[in-house]
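Thanks for coming. Please look at the structure on the screen while I go through a few of its residues.

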Amino acid sequence: MGASSKCIYEQKVSPLFACASISTDVIVTEHANHARDHLKTEAELKKYDGVVCVGGDGMFSEIVQGLVSRTQGDNGVDQNSPEEKLVPCSVRIGIISAGDFQPMDLCSVHHNTFLRYSISLLGYGFSGDVLADSERKRWMGPARYDFSGFKTFLTHHHYEGAVSFLPETDTLGTPRDKTRCRAGCFICQHIGQLYSGDSPEESKTAPLY
């Protein structure tokens with residue numbers, strides 16, 4: 001967590017952990033990829049039930065990169081090989097202020113060698129416009145989100161959209177059943193066959209618990 005996140009943790013989160021008799025080791029990140037590198041190389045993961053972060057999508061990405069890379073390294077998985085089967089990470093990730101846990105699918109991206117792990121998120125409308133505008137104002141630092149949010153709000157954009165989908169009929173499942181996305185799914189398997197070999201980048205999936 002950064003300096004501002006440290007205040008949030010100390011004022012709101014730490015007292016809750018204390019009431020629940022949960023012991024913690026707190027790390028205040030000092031530079032980009034600090035959390036990733038610590039989890040990847042230094043942290044004694046067997047000591048912990050989970051990792052809780054106070055921050056945004058950047059911090060979450062660092063934790064995913066660090067934990068998943070560490071898990072593969074500890075289990076002898078060659079991350080540079082797109083044919084390797086990824087080992088699920090058993091360390092839970094908490095993002096303040098979430099109190100539940102949700103399994104997710106992730107993919108590893110390769111271009112001749114391992115590049116990074118990725119989790120896809122989908123957004124539409126106001127939040128998407130705020131992010132798009134804030135990307136052009138990175139020189140402002142974290143204040144860009146407040147500025148872009150206020151600016152986007154004043155534009156009074158009206159958003160319309162339609163969602164189309166095919167209902168699943170053969171197999172019922174939930175995000176918590178620990179089943180890989182492509183397992184038993186004809187559509188995903190078919191799409192995978194269509195696009196296999198068409199792109200210089202290859203991907204594979206593994207559940208993150």
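I start with Ser69, which sits in helix H3, residues 57-74. Helices here are DSSP runs of H or I with at least four residues, strands are runs of E with at least two, and both are numbered from the N terminus.

Before going on, a note on the source: this is a predicted model, where local features need pLDDT of at least 70, side-chain atom pairs count only at pLDDT 80 or more, and totals for chains, interfaces and linings use all residues. Residues are numbered from 1 along each chain as its sequence is written, and side-chain values use heavy atoms, with hydrogens and water left out.

Back to Ser69: is it buried or exposed? Ser69 counts as buried because its relative accessibility is 6%. The cut-offs are under 20% relative accessible area for buried, over 50% for exposed, and partly exposed in between, with a 1.4 Å probe and protein chains only. A polar atom of the Ser69 side chain lies 2.8 Å from the backbone oxygen of Gln65. Setting aside neighbours within four places in sequence, Ser69 is in contact (heavy atoms within 4.5 Å) with Lys40, Val64, Gln79 and Tyr117.

Tyr117 brings me to the rings. The structure holds 2 aromatic pairs. One of them joins Phe114 and Tyr117, with 4.8 Å centre to centre and 55 degrees between the planes, a tilted arrangement. For a pair, ring centres of Phe, Tyr or Trp (its six-membered ring) lie within 6.5 Å; planes under 30 degrees apart are stacked, over 60 edge-to-face, and the rest tilted. Both Phe114 and Tyr117 are buried.

Next, the core. In soluble globular proteins, nonpolar side chains tend to be buried together. A nonpolar core here is a set of buried Ala, Val, Leu, Ile, Met, Phe, Trp, Tyr and Cys residues joined through side-chain atoms within 4.5 Å. The largest one has 20 residues, and Leu39, Ile63 and Leu67 touch the most other members. At least two residues of this core come from each of helix H2 (34-42), strand E1 (50-53), H3 and strand E4 (113-118). H3 gives the largest share, 6 residues. Apart from neighbours within four places in sequence, Leu39 has contacts with Leu45, Val51, Ile63, Gly66, Leu67 and Arg70.

Now a charged residue. Arg144 is in helix H5, residues 143-155. Arg144 is buried and has no salt bridge, and Glu135, the nearest side chain of opposite charge, is 5.0 Å away. A salt bridge needs a side-chain nitrogen of Lys or Arg within 4 Å of a carboxyl oxygen of Asp or Glu. For charge, Lys and Arg are positive, Asp and Glu negative, and His and the chain ends are not counted. The Arg144 side chain does make a polar contact, at 2.9 Å, with the side chain of Tyr145. That term means a pair of N or O atoms within 3.5 Å; within protein, one must be able to donate a hydrogen and the other to accept it, and residues adjacent in sequence count only if both atoms are side-chain atoms.

Last, the loops. Ser21 lies between helix H1 (3-19) and H2, and has a positive phi near 55 degrees without being a glycine. Asn112, in the loop between strand E3 (104-111) and E4, has a positive phi of about 70 degrees. Ser21 counts as exposed because its relative accessible area is 69%.
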